[in-house]
Amino acid sequence: MNKSDWENFFNYKSEKCKVLVVGDVMIDKYYIGDVHKFASDAPVPVAKILDRRSSLGAAANVASNLAMIGCQTYLAGFVGNDHNFETLSRLLWENKINQDGLIATDSPTTTKVRVMSGRQQMFRMDFEDTSPRSMIEFASLESYIRKRLNDSFDAVVIADYEKGVCTEYFCDSVIKAAHSHGVPVTVMPYGQQWIKYAQADYVTPNISKINKIMLNPVDGSDDDAVERAGKYIIRKFKIKNVLATRSAYGISLITDDAVTHLPTKTLEVFDSVGASDTVVAVFSAALAGGLKPVDGAFISNIAAGIVISKSGTYAVTREDMMNQLGISY
């Protein structure tokens, strides 16, 4: 692993990388307040709201991470014609993320609304419709992707959160289209039907997601167990390589002929929310910028360490990475 390659990437190459993120687009809304009494008309707590904020979620958060480290980022998926989309669109615009690939549907924009008291989540409201999308909607999305792939993308990310976009047919279509243009595909997996990611270049699960497809749970602290799980994923689902995120225990890059285990640099794990989004984003950016996969794994591990030391969802910046790597800019 060569420091000069990372320096060249963050100082020059990252801004030239074009990455397309395809998948389940979401927005997270937070209402923060004090809960100190119960309602007079029902036995329920009352939250006095003091602040509110919104952030990009799921595939949109992956896109945000890519944009924050300087990549030219494009986002494709389904949204609704509603006020939540207006908030989503504004945040994408502020983060300089191209949103031409967002296809409007009759379903709501997937939104999670959380009411918080301090750091405690009191309850959550979900606005979503995960029923199958129409053939016309999928045709519009696929048409956009095929058109954009003619614009010389450097990487494609499939961000699956099981909200209706990443069907087996659709994933197969995206992977084949990207490969026909010589573009690598990384996948943020979800659920148990990983055969839909067959022939993807990389899949980037955390240990929790790995354990959903294993008969025997994998201990994230056990290098050998993680390696066996990665080899199993490669064989069973015909995925070319695995990048496994292991929270406090680092990250592992598993291929047919080599395995690399990288320990985390974080001294304290504060919150692992969003770490997987960051890993798939930074690793995909590294591939797009021509870095070796092992170098991509290394800087992804650094990025994950930054995220899990923060509270809540956090998009790592280019400056964060350069500071951690000791790179001048």
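Predicted model: local features only at pLDDT ≥ 70, side-chain atom pairs only at ≥ 80, totals over all residues.
User: What about its phi?

Analyst: The phi of Ala-58 is near 55°, a positive value in a residue other than glycine.

User: And is Ala-58 buried or exposed?

Analyst: Ala-58 is buried: its relative accessible area is 6%, and the cut-off is under 20%.

User: OK, and where is Gln-199 found?

Analyst: Gln-199 belongs to the loop between strand E9 (185–188) and strand E10 (202–203). Its phi is also positive, about 75°, although Gln-199 is not a glycine. With a relative accessible area of 40%, Gln-199 is partly exposed.

User: Switching to the inside: which residues touch the most other members of the largest nonpolar core?

Analyst: That core has 61 residues, and the ones touching the most other members are Val-21, Val-62, Leu-75, Leu-88, Ile-299, Met-321 and Leu-325. Helix H8 (residues 275–288) gives the largest share, ten residues.

User: What is Met-321 in contact with, leaving aside neighbours within four places in sequence?

Analyst: Phe-10, Ile-69, Ile-299, Ile-302, Ala-303, Ile-306 and Val-316. Another core, of 44 residues, lies apart from the largest one, and Ile-158 and Val-185 are among its members.

User: How many residues of H9 are buried?

Analyst: 13 of its 15, so H9 is mostly covered. The end C-alpha atoms of H9 (residues 293–307) are 21 Å apart, which agrees with the 21 Å its 15 residues should span at 1.5 Å a residue.

User: Last one: which residues make the nonpolar surface patch?

Analyst: Met-122, Phe-123, Met-125 and Phe-127 make a patch of about 360 Å². Phe-127 lies in strand E7, residues 120–127, and is partly exposed at 37% relative accessible area.

Notes
Residues numbered from 1 in each chain as written. Heavy atoms only, no water. Patch = residues over 30% accessible without salt bridge, like charges linked within 9 Å, V, L, I, M, F, W, Y side chains within 5 Å. Areas by Shrake-Rupley, 256 points an atom, 1.4 Å probe, with all protein chains shown as cover. Salt bridge = Lys/Arg side-chain N within 4 Å of Asp/Glu carboxyl O. Helix = DSSP H or I, 4+ residues; strand = E, 2+ residues; numbered from the N terminus. Buried < 20%, exposed > 50% of the residue type's maximum accessible area, 1.4 Å probe, protein only. Expected span 1.5 Å × (residues − 1). Core = buried A, V, L, I, M, F, W, Y, C linked by side-chain atoms within 4.5 Å. Contact = heavy atoms within 4.5 Å.
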